[in-house]
Amino acid sequence: DWTMAEFRKTKIEEIRAQVGDGKVICGLSGGVDSAVAAVLIHEAIGEQLTCVFVDHGLMRLNEAEQVVTLFRDHYNIPLVHVDAEEMFLTGLAGLTDPEKKRKFIGGAFIDLFEKEAKAIGGADFLAQGTLYPDVIESVSFTGGPSVTIKSHHNVGGLPERMNMQLVEPLRELFKDEVRELGRELGLPEIFVGRHPFPGPGLAIRIPGEVTKERCDILRKADAIYLEEIRNAGLYDAIWQAFAVLLPVKTVGVMGDARTYDSVCGLRAVTSTDGMTADVYPFDASFLTGCATRIVNEVKGVNRVVYDYTSKPPGTIEWE
Ligand code: XMP
């Protein structure tokens, strides 16, 4: 009979055996997976672990602060917080191709990470919150390993460059099991239950060029949408819900004035592992309520649409 308490114990022994007295570096994304991996590894090897949070400025509203608070205050686990918003926005300026955006972000992450690893005198191991679906996604869904649907963002490439081995204690787990392990490790519910968030962050939810202004607009719309979902008691029934900001302007009317502003798309899906997904069937009145609030409260948006595409043929993210 397999329990999370036993899994935790077994993994801690395995991590100690693998790492010995080596040094481990772990990148936090703000998501559940890397947080659970980091807390578990910290429990196993304490100070031998350094956690690095590269804040690319492409996080959801207040998310960066929540990560820092969780590690520093809740767990008292030391955390290197790299504020790299300007660097990422500068590099993203002028980029509109989805793969170019993804590749720039992935590459910049690796560079910053390598710099932080060197700053602590190098590391022998790189810890990642890789899950079982991550291990198989590249081959199972695309119809063959030669087809790249999207360049997934992780720190791949870095281990070879820095001569590091991988520590991936969650490799056998599905998302719901990682959440259970997170609870077992005492992570707050707001963190454990959080919807998945992609490594490249809001950059892939802003088709076209990413700017600070567009990130701020999207953060506001997204926060309103999620607040409405939480208030309706629907958050936990949904795998992932988010807003996207389209590079399309349309005409509207506010009071007796003409507006000419951006379109905001809303997405919500159910899924068990992100590999396939169904559209969440909100009541029409729920969606009109969200649309009204977003248009009234977010300057720069004057129209809201809902995405009715399942995966396949759509992907969950828009880029
Ligand atoms: P797609 O859009 O491919 O997304 O249907 C499937 C799941 O993966 C997440 N996603 C990512 N996660 N790095 C990540 O860590 C990425 O580059 C990335 N791209 C997509 C997406 O949010 C969804 O949960």
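Domain bounds here come from an automatic or database domain assignment. The model is predicted, so that local features need pLDDT of at least 70 and side-chain atom pairs count only at pLDDT 80 or more, while totals for chains, interfaces and linings use all residues. Residues are numbered from 1 along each chain as its sequence is written.

**Exercise 1. The two domains**

Find how far apart the centres of domain 1 and domain 2 lie, and describe the side of domain 1 that touches domain 2 by class.

Solution. The assignment divides the protein chain into domain 1 (4–192) and domain 2 (211–306). Taken over C-alpha atoms, the centres of domain 1 and domain 2 are separated by 28 Å. Eleven residues of domain 1 are in contact with eight residues of domain 2, where contact asks that the C-beta atoms of two residues, placed from the backbone, lie within 7 Å. On the side of domain 1 that touches domain 2, helix α6 (residues 132–140) gives the most, with three residues; helices (H or I, at least four residues) and strands (E, at least two) are DSSP runs, numbered from the N terminus. Sorted by class, that side of domain 1 holds six nonpolar, two polar and three charged residues, with Ala, Val, Leu, Ile, Met, Phe, Trp, Tyr, Cys and Pro counted as nonpolar, Asp, Glu, Lys and Arg as charged, and the others, Gly among them, as polar.

**Exercise 2. Helices α10 and α11**

Give the angle at which the axes of α10 and α11 cross, and identify the residues that meet.

Solution. Helix α10 (residues 212–231) and helix α11 (residues 284–297) have axes that come within 10 Å and cross at roughly 150°. From α10, Ala221, Ile224, Tyr225 and Glu228 meet Gly289, Cys290, Arg293, Ile294 and Glu297 in α11. By class, this contact of α10 with α11 has five nonpolar, one polar and three charged residues.

**Exercise 3. Backbone geometry and the ligand**

Locate the cis peptide bond that ends at Pro313, and name the residues that come nearest to the ligand.

Solution. The peptide bond from Pro312 to Pro313 is cis, with omega near 10°, and a cis peptide bond also joins Lys311 and Pro312, where omega is about -15°. Pro312 is found in the segment after β9 (301–306), and Pro313 is likewise in the segment after β9. Asn76, in the loop between α3 (63–74) and β3 (79–83), has a positive phi of about 60° although it is not a glycine.

Turning to the ligand, His153, Pro198, Thr315, Ile316 and Glu317 come nearest among the 13 residues around the ligand, where a residue is near if its C-beta atom, placed from the backbone, lies within 6 Å. By class, the shell around the ligand has four nonpolar, six polar and three charged residues.

Note on methods:
Axes are lines fitted to C-alpha atoms, for helices over the stretch in contact, and angles run from 0 to 180 degrees between N-to-C directions.
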